[in-house]
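Colleague: I would like to go through the terms used for this model. For each one, please set the value against its cut-off.

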Amino acid sequence: RIEGQLLENFYANSCPNLESIVRQEVSTKFTQTFVTIPATLRLFFHDCFVEGCDASVLISSSSGDAEKDAKDNVSLAGDGFDTVIKAKQAVETQCPGVVSCADILALAAREVVVLAGGPTWEVELGRRDGLISQASRVTGNLPEPEFNLDQLNTLFARNNLTQLDMIALSGAHTLGFSHCDRFSSRIYSSPIDPTLDSSYAQQLMDACPQNVDPSIAINMDPETPRTFDNVYYQNLIGGKGLFSSDQVLNTEPDSEPTVSDFATNPGNFNAAFITAMRKLGRVGVKTGNEGMAVRTWLMILFLVFMMMQKGKGQLSETFYRTSCPKLESIVRKVVTEKINQTFVTIPATLRLFFHDCFVEGCDASVLISSPNGDAEKDAPDNLSLAGDGFDTVIKAKTEVEKSCPRVVSCADILTIATRDIIELAGGPSFKVELGRRDGLISKASRVTGNLPDPNFNLIQLNNMFAKNNLTQTDMIALSGAHTVGFSHCSRFANRLYSFSPSSPVDPDLDPTYAQQLMQACPQNVDPKIAINMDPATPQTFDNMYFQNLVTKKGLFTSDEVLFTNKASQATVIDFANNPGDFSGAFVTAIRKLGRVEVKTGNAGQIRVDCTAFNS
């Protein structure tokens with residue numbers, strides 16, 4: 001391997017706006033999901049350590065034998081790939097056939113570190129894209145979570161990286177996440193790994209019980225998982241390194257002084273990280289006439305992009321800019337008028353959107369009416385959906401049809417209406433991605449098992465949300481919508497009258513609040529009686545829901561468990577104390593929710609009547 005000749009100003013003449021283009025695309029992707037940051041950073045590392053920094057990890061193979069298909073790479077999050085692909089597309093519009101994907105990935109890795117609060121640096125450029133991408137060449141080239149210090153040093157030394165570089169690069173775990181099976185041996189062997197802090201070990205067991213869904217992932221930094229800082233090293237000193245290969249950096253005498261230095265001197269860590277990242281970016285690079293021509297690579301990359309988008313759909317914030325330019329103002333006017341008639345419009349529309357997306361995807365299938373009573377809305381879990389939510393969408397669709405007949409889907413109208421009711425209730429505003437088509441299936445029989453139950457525990461909640469590509473943080477943030485919700489008494493009566501033989505009242509309920517609920521919902525009460533889920537500010541979209549959980553005033557078991565379970569408690573406390581953190585996480589989560597199993601292109605249809613399939 002050669003390091004190649006790289007230059008910071010390699011594209012100064014051929015693509016002078018390159019870095020600003022990539023920065024804009026990465027920033028846009030970051031506003032859609034925080035996962036962009038750890039996913040892109042990890043993608044860069046995995047790429048460089050196999051065939052060198054040549055974007056070979058991006059290649060897709062119809063035979064499933066490309067580098068990305070290797071066992072150690074299948075957990076690479078799609079948002080990292082998507083970041084590079086979208087940046088490449090934007091760069092191609094200004095500098096066609098000039099910039100390699102390898103260089104775009106290197107720039108994107110720098111940008112995500114900066115966006116997370118980390119240091120910036122000049123990126124050396126001039127890489128060419130590789131010609132080899134084979135799953136069989138990955139084994140033995142990436143560090144394992146059980147590696148000891150000698151194994152880590154040996155692997156990094158093969159790439160001209162020192163122990164200091166290795167420890168600095170490990171600090172990127174301050175932003176990472178891991179699936180439970182990658183560290184389960186530390187908490188379920190006998191005895192538990194003695195280098196683990198006992199409280200942290202229990203927190204990990206709560207989040208990752210034995211035989212947990214392998215898709216469940218947790219933060220590698222339990223303290224500041226969304227900030228690039230030196231807390232990772234402070235965690236190691238406190239026995240809170242997630243992998244053995246993390247904790248060993250503090251337990252081994254040869255590496256412990258560096259960990260202590262980085263834990264107490266963030267400037268030293270930042271400087272070492274910059275040095276290590278620049279050295280990492282030189283590993284095995286292809287330059288000059290090596291590698292693949294950029295235009296040929298672009299064709300392959302486009303195929304990768306199309307494969308990744310299959311099923312996910314391509315949505316755009318400007319989808320109706322030409323075909324229905326006044327769409328959002330039309331919907332906003334109808335939603336505002338409907339709220340003026342009844343506040344129930346707000347929780348009803350928000351809940352309707354959630355129920356729709358979690359069954360057949362965000363395709364307005366929940367709006368379909370059937371004379372046989374067997375449509376999605378007729379399922380037992382949907383019978384309590386308030387009519388004002390349906391009415392809001394139907395009225396908005398009627399008005400939209402007057403200006404833009406047969407253009408806008410009911411699914412998109414429901415999505416816009418959901419954003420509007422959140423903002424009108426005092427919550428955050430956000431751009432809505434559009435371009436959904438309306439679904440062709442609406443069956444009551446397909447609802448069972450796809451919506452969370454009020455008695456779910458944390459594992460059950462995480463499993464259900466993970467099926468829709470939503471993380472635990474997304475789940476907690478979306479649960480915050482209960483700040484404007486209401487529920488019928490039957491949904492939580494067991495917490496008041498029959499929780500357990502030894503305690504009829506759930507001990508996780510504040511006694512005063514429990515008494516308040518009993519007065520509002522006496523036994524055998526009319527099942528149509530409903531009460532607010534947020535007893536403090538039920539008509540305002542705020543972070544009071546999380547403050548209620550801290551004081552044991554969560555209405556459902558599935559609400560209160562977010563605070564009582566230590567694996568989620570820190571996020572609840574953060575959202576209770578920092579409304580900005582909640583709002584930011586909620587916007588990210590609601591946008592991700594809006595992408596669940598969308599129909600686009602020629603899939604589905606644009607209904608004329610939201611309650612009936614087109615004839």
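Colleague: What makes Arg332 partly exposed?

Modeller: Arg332 has a relative accessible area of 26%. Buried means under 20%, exposed over 50%, and partly exposed in between, with a 1.4 Å probe and protein chains only. Arg332 therefore counts as partly exposed. This is a predicted model, in which local features need pLDDT of at least 70 and side-chain atom pairs count only at pLDDT 80 or more, while totals for chains, interfaces and linings use all residues. Residues are numbered from 1 along each chain as its sequence is written, and side-chain values use heavy atoms, with hydrogens and water left out.

Colleague: Which residues are linked with Glu423 in a network of salt bridges?

Modeller: The network holds Glu328, Arg332, Arg419, Asp420 and Glu423. Within it, the side chains of Arg419 and Asp420 meet at 2.8 Å, N to O. Both Arg419 and Asp420 are buried. Over the whole structure, the search finds 34 salt bridges.

Colleague: Why is the pair of Arg110 and Glu19 said to tie together parts of the chain?

Modeller: Arg110 lies in helix α4 (residues 101-115) and Glu19 in helix α1 (residues 18-32), so the pair ties together parts that are 91 residues apart in sequence. Their side chains form a salt bridge at 2.6 Å, N to O. Arg110, at 3% relative accessibility, counts as buried, whereas Glu19, at 21%, counts as partly exposed.

Colleague: What makes the pair of Phe45 and Phe49 stacked?

Modeller: Rings of Phe, Tyr and Trp (its six-membered ring) pair if their centres lie within 6.5 Å; planes under 30 degrees apart count as stacked, over 60 as edge-to-face and the rest as tilted. By this rule there are 24 aromatic pairs. For Phe45 and Phe49 the centres are 4.4 Å apart and the planes stand at 25 degrees, so the pair is stacked. Phe45 is buried at 17% relative accessible area, and Phe49 is buried at 1%.

Colleague: Why are Tyr233 and Phe262 called edge-to-face?

Modeller: Their ring centres are 5.2 Å apart and their planes are at 70 degrees, so the pair is edge-to-face. Tyr233 lies in helix α9 (residues 231-237) and Phe262 in helix α11 (residues 256-264), so parts 29 residues apart in sequence are tied together. Tyr233 is buried at 0% relative accessible area, and Phe262 is buried at 2%. Ring pairs link both into a cluster with Trp121, Phe228, Tyr232, Phe269 and Phe273.

Colleague: How do you know that the charged end of Lys68 sits over the ring of Phe81?

Modeller: The rule wants NZ of Lys or CZ of Arg within 6 Å of the ring centre and within 35 degrees of the ring normal. The charged end of Lys68 is 4.5 Å from the centre of the Phe81 ring and is listed as sitting over it. Lys377 sits over the ring of Phe390, also with 4.5 Å to the centre.

Methods
Helix = DSSP H or I, 4+ residues; strand = E, 2+ residues; numbered from the N terminus. Salt bridge = Lys/Arg side-chain N within 4 Å of Asp/Glu carboxyl O.
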